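Let's take a walk through this chain together. Please keep the sequence and the 3D view side by side as you read.

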Amino acid sequence: MPTSPSVFSVFDVPWSSLLSTARTVRMCLREARPLVQVMFVLRFVTGALLTASAAHQRPDARHLLIGAAAWWAVTVSVYVFNGVSDLCEDRANRSQRPLASGRLSEGAARRAVVVTALAGLLLGWAAGWKVAEAAAVFLALGYAYSAPWIAAKCRSWSASAVTCAAAGTTYLAGVASSGSALSAEAAVFALVLSLGVGLIAAVAKDLGSTRGDALAGRRTLAVVRGEHSARRFCAISGGVLTLALTAGALWVHEVPLDAAAAVFAVGALCVAGRCLPPRMKNGRAGNSGHRAPYRSWMATQYAVHLSALGALVLA
């Protein structure tokens, strides 16, 4: 006589499926680098609030929140796609990211790329057509960075150009969500910080990855000229951008930009210090030493944006 399924067996499949989905989502978010996700949302919000403040207006909270969610979604899409395209190099460099380590399957990652891209475009449309258009441009730039048919990531100059444009698009999307015209303060801030992404982050992130990059045929500055030249380039770029932001702050003369310039100067010094050759241990430099300039730049970006927003609140 057949027995009826137990209560537990009925729920076994759905529950295991939910757990599997939740694990995949968690791995995708880790692959997309949480600190980078937050940074892009912070750029979006800063662009919106600096612009609205200059116009003496309050940004539409609904559009701002939906727009920020849209930007988070497209950022995840772009960075998971980058992880898929970097799979061979990451494995050669012994990366511990979910895709390279096998904790996230390539098929699941590709599905996540599509789902988050569509979600970002729909949320962007809900925040306003200009935000949706900016999201589409951002996705195109992100895919151009990693897609095999163009692979801007393979050359430092193209990687710098694309990442700089992606950061600038993020600030402009925030401006669009605010409903106000671009202010001089927001323009100076966005321009200098976007250039920092292109000239410092895009170069510094390749430090310590030259083995895998060379095997993949990349012609980055660190591969072509060596890590010493790449480190020197990042340090000089930080100094030049400090002068540019300081000049912009003196021209605009607004408290948030003044605060950002002061913090940026300190951060640029830290980046320059981290660009010194790493200490050798057993004839080799540790991965933390290679990653130090990039991590220092990330900390600088966070500090600059938070200082500008803090000054905006207190002003």
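How much space lies in the second largest pocket? About 250 Å³ lies there. A pocket is found on a 1 Å grid over the protein atoms alone, as an open set of points where a 1.4 Å probe fits, with protein on both sides within 12 Å along at least five of seven lines. The volume is the space filled by probe spheres set on those points, which are joined across faces, edges and corners.

Before going further, a word on the model: it is predicted, so local features need pLDDT of at least 70 and side-chain atom pairs count only at pLDDT 80 or more, while totals for chains, interfaces and linings use all residues. Residues are numbered from 1 along each chain as its sequence is written, and side-chain values use heavy atoms, with hydrogens and water left out.

Back to the pocket. Its lining residues, those with an atom within 4 Å of a point, include Thr21, Cys28, Trp72, Val76, Arg111 and Val115. Helix H1 (7-31), helix H3 (61-85) and helix H6 (106-127) each give two or more residues to this lining. By class, the lining has 8 nonpolar, 3 polar and 1 charged residues. Here Ala, Val, Leu, Ile, Met, Phe, Trp, Tyr, Cys and Pro count as nonpolar, Asp, Glu, Lys and Arg as charged, and the others, Gly among them, as polar.

Now zoom out. The chain has 14 helices and 2 strands; these are DSSP runs numbered from the N terminus, with helices (H or I) of at least four residues and strands (E) of at least two. Of its 315 residues, 50% count as buried, where buried means under 20% relative accessible area, exposed over 50%, and partly exposed in between, with a 1.4 Å probe and protein chains only. Among contacts (heavy atoms within 4.5 Å) between residues at least 6 apart in sequence, 75% join residues at least 24 apart.

Next, follow helix H12. With 26 residues (227-252) at 1.5 Å a residue, H12 should span 38 Å, and its end C-alpha atoms are 37 Å apart, which agrees. The expected span is 1.5 Å times one less than the number of residues. Within H12 sits Phe233, which is partly exposed because its relative accessible area is 34%. Leaving aside neighbours within four places in sequence, Phe233 is in contact with Leu199, Val203 and Leu221. The C-alpha atoms of Phe233 and Leu221 are separated by 9.2 Å, with the two residues 12 apart along the chain.

Leu221 also turns up beside Ser156: with neighbours within four places set aside, Ser156 is in contact with Arg219, Thr220 and Leu221. Ser156 belongs to helix H8 (residues 156-178) and is buried, at 14% relative accessible area.

Most residues other than glycine have a negative phi. His253 lies in the loop between H12 and helix H13 (255-274), and is exposed because its relative accessible area is 60%. Ala151 has a positive phi too, near 45°. Ala151 is in the loop between helix H7 (129-146) and H8, but counts as buried because its relative accessibility is 8%.
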